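Have a look at it first, and then follow the points in order.

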Amino acid sequence: MVEQWDRQDDARRIGSRSRTIAEDFALEWPLLMPLPEEPFETGRLFTPRVDRYGQIPVRTNRYSVPIRLIGKRVRVILHASHLVVYDQNVEVARPERLIAEGAVRLDLDHYLEVLVRKPGAFPGSTALEQARSVGKFTPVHDAWWTQAMKIHGERDSTRALIEVLLLGRHMTHEHVVAGLAAALQAGAMTTDAVALEARKAAQAETEPAPDARNLGQPPETVTSLHEWRLAHLPPDTRPLPSVSRYDQLLRRRRTSGSSHREGEAQ
């Protein structure tokens with residue numbers, strides 16, 4: 001809308017001037033200084049300290065950060081729809097801004113290091129409930145977890161699930177979910193199986209698509225070097241082997257065996 005108003009205003013004349021606004025701007029344009037290389041920061045700066053629960057207060061709300069920052073002071077840039085948390089110059093969190101007063105936003109990923117040592121606190125945690133509500137903890141996670149508990153028990157299966165969630169730090173969420181679904185279908189309730197299937201899903205996306213020109217044609221076959229050598233050998237003109245001499249040995253053995261039995265009988 002602003003761009004439309006600008007275009008309409010280009011044809012306007014200020015007072016009794018002979019030139020329009022667009023014509024005046026064309027003369028002024030070469031005299032303007034270039035824009036700064038760094039964008040102008042419009043957010044509000046805060047420097048809260050991380051409490052013992054791994055949370056920081058911003059305005060009237062609280063947000064979680066990685067628990068390794070407990071006791072440290074961080075830098076927060078508050079924007080209209082989100083806030084960015086920095087540990088020195090490194091971004092560590094970017095949660096959506098809370099609108100209601102006194103609310104708390106917890107990121108499940110921030111507490112995984114603690115939960116993997118205390119898996120009993122995982123099922124009823126607030127961070128897990130919020131992860132479910134925003135779709136980060138999907139029904140596929142729940143289905144894999146339920147099946148794993150039948151095999152490994154609640155404690156070991158919960159620890160394995162937390163290790164699966166830790167895979168999300170170096171894999172995309174979609175690939176981890178695909179790995180969970182594939183492992184569940186195969187009945188493999190281990191973290192290694194999920195990681196393997198997630199890597200397969202990621203690799204499938206990076207592989208080039210088949211050439212449209214080859215569609216409908218039979219796939220090319222790969223011939224091993226051994227098969228190629230056999231196909232290019234010269235014809236074998238040697239006669240087929242005979243086992244007649246071995247038959248003579250068998251008759252001699254039968255003859256000697258009969259003589260031995262006759263001697264024992266005497």
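This is a predicted model: local features need pLDDT of at least 70, side-chain atom pairs count only at pLDDT 80 or more; totals for chains, interfaces and linings use all residues.

1. Strands β3 and β7 run parallel to each other and pair over 2 bridges. Across this pairing, Y63 stands opposite R105 in β7.

2. Strand β3 has another partner. Residues 61–64 of β3 pair with residues 55–58 of β2, here in the antiparallel sense and over 4 bridges. In this pairing, P57 stands opposite R62 of β3.

3. Next, please turn to helix α4, which spans residues 126–133. Its buried residues are A127, L128, Q130 and A131. They lie on the same side of α4, because the arc they cover around the axis is only 165 degrees. What do these buried residues pack against? Their partners are β7 (104–105) and α5. Just after α4 comes G135, with a positive phi of about 85 degrees.

4. Finally, follow α5 (residues 139–152) to α6 (residues 154–166): the two helices pack at an angle of about 145 degrees, and their axes are 7 Å apart. Their crossing is right-handed. On the α5 side, the contact includes W144, W145 and M149, while residues from α6 include A160, L161, V164 and L165. Sorted by class, the contact of α5 with α6 has 8 nonpolar, 4 polar and 2 charged residues.

Note on methods: Residues are numbered from 1 along each chain as its sequence is written. Side-chain values use heavy atoms; hydrogens and water are left out. Axes are lines fitted to C-alpha atoms, for helices over the stretch in contact, and angles run from 0 to 180 degrees between N-to-C directions. A crossing is left-handed if the near helix is turned anticlockwise from the far one by less than a right angle, and right-handed if clockwise. Contact means heavy atoms within 4.5 Å. Ala, Val, Leu, Ile, Met, Phe, Trp, Tyr, Cys and Pro count as nonpolar, Asp, Glu, Lys and Arg as charged, and the others, Gly among them, as polar. Buried means under 20% relative accessible area, exposed over 50%, partly exposed in between (1.4 Å probe, protein chains only). The arc is that of the directions from the helix axis to the C-beta atoms. Two strands pair if DSSP finds at least two bridges between them.
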